[in-house]
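This briefing covers the overall fold and then the ligand site. The sequence and structure come first.

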Amino acid sequence: MTYELHYWPTIQGRGEFVRLALEQAGAPYVDVARKTGAKALMAGLRGGPRPAFAPPYLKDGDLVIGQTAAILFYLGPRLALAPQDEAGRLWTHQVQLTLADLVAEAHDTHHPVDVSKTYEEQTIEAGRRAAGFTADRIPKYFGWLETIITRGETGWLAGPRLTYADLSAFQVVEGLRYAFPRATGRALAATPALATLASEVARLPNIAAYLASDRRLAFNEDGIFRHYPELDGD
Ligand SMILES: N[C@@H](CCC(=O)N[C@@H](CS)C(=O)NCC(=O)O)C(=O)O
């Protein structure tokens, strides 16, 4: 069975969290909108009894799943990227949802007022939002991840083996390094276990091959993690 990932074709965005899991597992998948375009992506949201609200959505046969964390909750056991016990699967899901909160806050630094308007139309509010994000929120989230990794004593976030939450933590670190290099560098200096986890994920053979391939899009200023130097703290 080939999985169908439906996501915007020109950005990493939230689709990247799903791509990384599929790539690490070597699972067969098609990144559909890269072939059919954004119009078809949106049309795909309109049909069926359980339409997703927004991309990314995953199709597996008749099943359509929206929400990044729900997609990964579904894929995790199937791709051997989640613990086998229920408590472990729920914990991995909890970590993923917390990473999703961080991603949403990163997004809101460039769109603090209105998602339908451009960054340039809300730069003053963006500056205020990014100041708190870079000074307080990145360190707070990173500190929580650091605590988990350190307490687990395995180098991973959810048990003895790599899970999709580790892949997502890598992606968040990469995205924040791109968007806020100075603030993220400072936060990572205080969270060495998280920095090590990110490096370990980048070195996984399937992930390294993916990152070097043309399937991996570059970060850009249409995505979630955008580099506007003026937002990168002092
Ligand atoms: N909570 C959802 C958020 C989905 C989302 O906001 N998708 C964005 C792209 S990353 C989108 O296309 N949104 C369109 C919209 O909200 O109208 C998730 O984690 O998947």
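Along the sequence, the protein runs β-α-β-α-α-β-β-α-α-α-α-α-α-α, with helices (H or I, at least four residues) and strands (E, at least two) taken as DSSP runs numbered from the N terminus. The radius of gyration, over C-alpha atoms, is 17 Å, close to the 17 Å that the globule rule gives for 234 residues, so the protein is as compact as a globular protein of that length; the rule is 2.2 Å times the number of residues to the power 0.38. The model is predicted: local features need pLDDT of at least 70, side-chain atom pairs count only at pLDDT 80 or more, and totals for chains, interfaces and linings use all residues. Residues are numbered from 1 along each chain as its sequence is written, and side-chain values use heavy atoms, without hydrogens and water.

**Fold**
- The protein has ten helices and four strands.
- Along the principal axes, the C-alpha atoms fill a box of roughly 50 × 45 × 30 Å.

**Ligand shell**
- Tyr7, Trp8, Arg14, Phe53, Ala54, Pro55, Pro56, Gln67 and Thr68 surround the ligand (a heavy atom within 4 Å).

**Polar contacts** (N or O pairs within 3.5 Å)
- A side-chain N or O atom of arginine 14 is 3.3 Å from an oxygen atom of the ligand.
- A polar backbone atom of proline 55 is 2.7 Å from a nitrogen atom of the ligand.
- An oxygen atom of the ligand lies 2.8 Å from a polar side-chain atom of threonine 68.

How values were computed
A polar contact is a pair of N or O atoms within 3.5 Å; within protein, one must be able to donate a hydrogen and the other to accept it, and residues adjacent in sequence count only if both atoms are side-chain atoms.
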